[in-house]
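Subject: Structure for you to look at

Hello,

Here is the structure I promised to pass on. Please open it first, then read my notes below.

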Amino acid sequence: MKLTDVKTLELWYLENFEKNLKGRRILFDDIDPLLQKLSAKFKKEILGYSENNLPIYKISIGTGKTKILIWSQMHGNESTGTKALFDLFNFFEKSNTELSKITESILKSCTIQFIPLLNPDGAIKFTRENANNIDLNRDAVERKAKESRLLRTVLDNFNPKFCFNLHDQRSIFNVEGTQNPATISFLAPSEDVDRTVTKGRKETMSVIVAMNRLLQQVIPNQIGRYTDEFYPTATGDNFQKLGHNTVLIEAGHFKDDYQREITRKYNFYALLQALYFIGTEKIYDNYESYHDIPNNDTKFLDIIYKNIKITENNSIQIVDIGIQLKFKVIASKLVMYKHIEKVGDLSDYYSYNHINAENLDIKELELSNS
């Protein structure tokens, strides 16, 4: 198995990541100028339009036999993968001498199609759902949404061997058995309720093993495995069942990285390594260590306020309050706020921010249950 040299990649990334994309809320207006600037290496076309008539682009590159389909932001509020895709586009445009062999091996072996922003209406609202409140990742069977139908049309016409479904996960996820947030989590989706390890899932797992080996060099013990419970209406499960090996990448939390600018880098590293592996490997039988990747757990909190005094039934109780930081759009701007996630004894939960609040009134904390 060939692995990308992380030191060389790090130096390239510092100079060449896509600096025009920042933050959690990435809109069509943010990516459109970058799409128009792509060189002739890339083929650009409008697949169709969203429910609110925003363009949805497909970008293609490569001439190889192995077909790969990658899409991002089917949930409008999950943009880390989108930023990583534009970092990847920059890599294909200007990889240096030391890294050009990786670009050449990928593009000679693979033909790749990208949908960098599948749900532009949800991106504006900063919601999972599209303009009609449909979760595209649960619309693979009925395909009520225009965006779901566009994605399925690409799948059927292109017939990819591999798919990559790029998501973000909440900061509540930690790597099981550790105090670390799950900065990146992977999933080889199940094809049935029994979670049968089919030939296609073995191939998917082999790609994940390659990504995990690279990332363990830079963020050890911060990579998790997302639950492989079968969801009958989910995109990844259905695409995998149809014979298109589908890798789910969930971008998560890194210390103090609430804009997911550090996580995007590791998302890019994972994608590049996956494409390099697919472009250079002939046999996908190195899958068993996929099961050694720890599961995601839900024990990480953004803030834990310790020793809060609350009055209940005319008596004072001492509790901990666990906070998740969430985002919503107010007056067209993305605002971060504190949401109460857990109340009680949180001694078995983890956080980078423990605050002794024994002398604070709970009203002073400006917390929200919304």
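Predicted model: local features only at pLDDT ≥ 70, side-chain atom pairs only at ≥ 80, totals over all residues.

The buried residues of α1 are Val6, Thr8, Leu9, Trp12, Tyr13 and Asn16. Viewed down the axis of α1, they fall within an arc of 150°, so they line one face of the helix.

The face of α1 turned away from the buried side is another matter. Lys7, Leu11, Leu14 and Glu15 are the exposed residues there.

What covers the buried residues of α1? The cover includes α3, α4, α7 (199-215) and α9.

**α1 against α3**

Take α3 from that list. Helix α1 spans residues 6-16 and helix α3 spans residues 80-94. They pack at an angle of about 105°, and their axes are 11 Å apart. An angle from 65 to 115 degrees counts as roughly perpendicular. Therefore α1 is roughly perpendicular to α3.

On the α1 side, Leu9, Trp12, Tyr13 and Asn16 make the contact.

**α4 against α9**

Next, a second pair. Helix α4 (residues 97-109) packs on helix α9 (residues 261-280) at an angle of about 60°. Their axes are 8 Å apart. The two helices are therefore oblique to each other. The crossing of α4 and α9 is left-handed.

From α4, the contact uses Ile102, Ser105, Ile106 and Ser109. From α9, it uses Leu272, Leu275, Tyr276, Gly279 and Thr280. The contact of α4 with α9 has five nonpolar residues, four polar and no charged ones.

**Ile112 in strand β4**

Ile112 sits in strand β4, residues 110-115. Is Ile112 buried or exposed? Its relative accessible area is 0%, so Ile112 is buried.

Which residues does Ile112 contact, leaving aside its neighbours within four places in sequence? They are Ile59, Ser60, Ile61, Ile68, Ile70, Phe92, Ile106 and Leu275. Ile106 and Leu275 also take part in the contact of α4 with α9. As for Ile70, it lies 42 residues from Ile112 along the chain, yet their C-alpha atoms are separated by 7.6 Å.

Best wishes

Methods
Residues numbered from 1 in each chain as written. Heavy atoms only, no water. Axes fitted to C-alpha atoms, helices over the stretch in contact; angles between N-to-C directions. Helix = DSSP H or I, 4+ residues; strand = E, 2+ residues; numbered from the N terminus. Parallel < 35°, antiparallel > 145°, perpendicular 65-115°, else oblique. Left-handed = near helix turned anticlockwise from the far one by under 90°. Contact = heavy atoms within 4.5 Å. Nonpolar A, V, L, I, M, F, W, Y, C, P; charged D, E, K, R; others polar. Buried < 20%, exposed > 50% of the residue type's maximum accessible area, 1.4 Å probe, protein only. Arc of directions from axis to C-beta.
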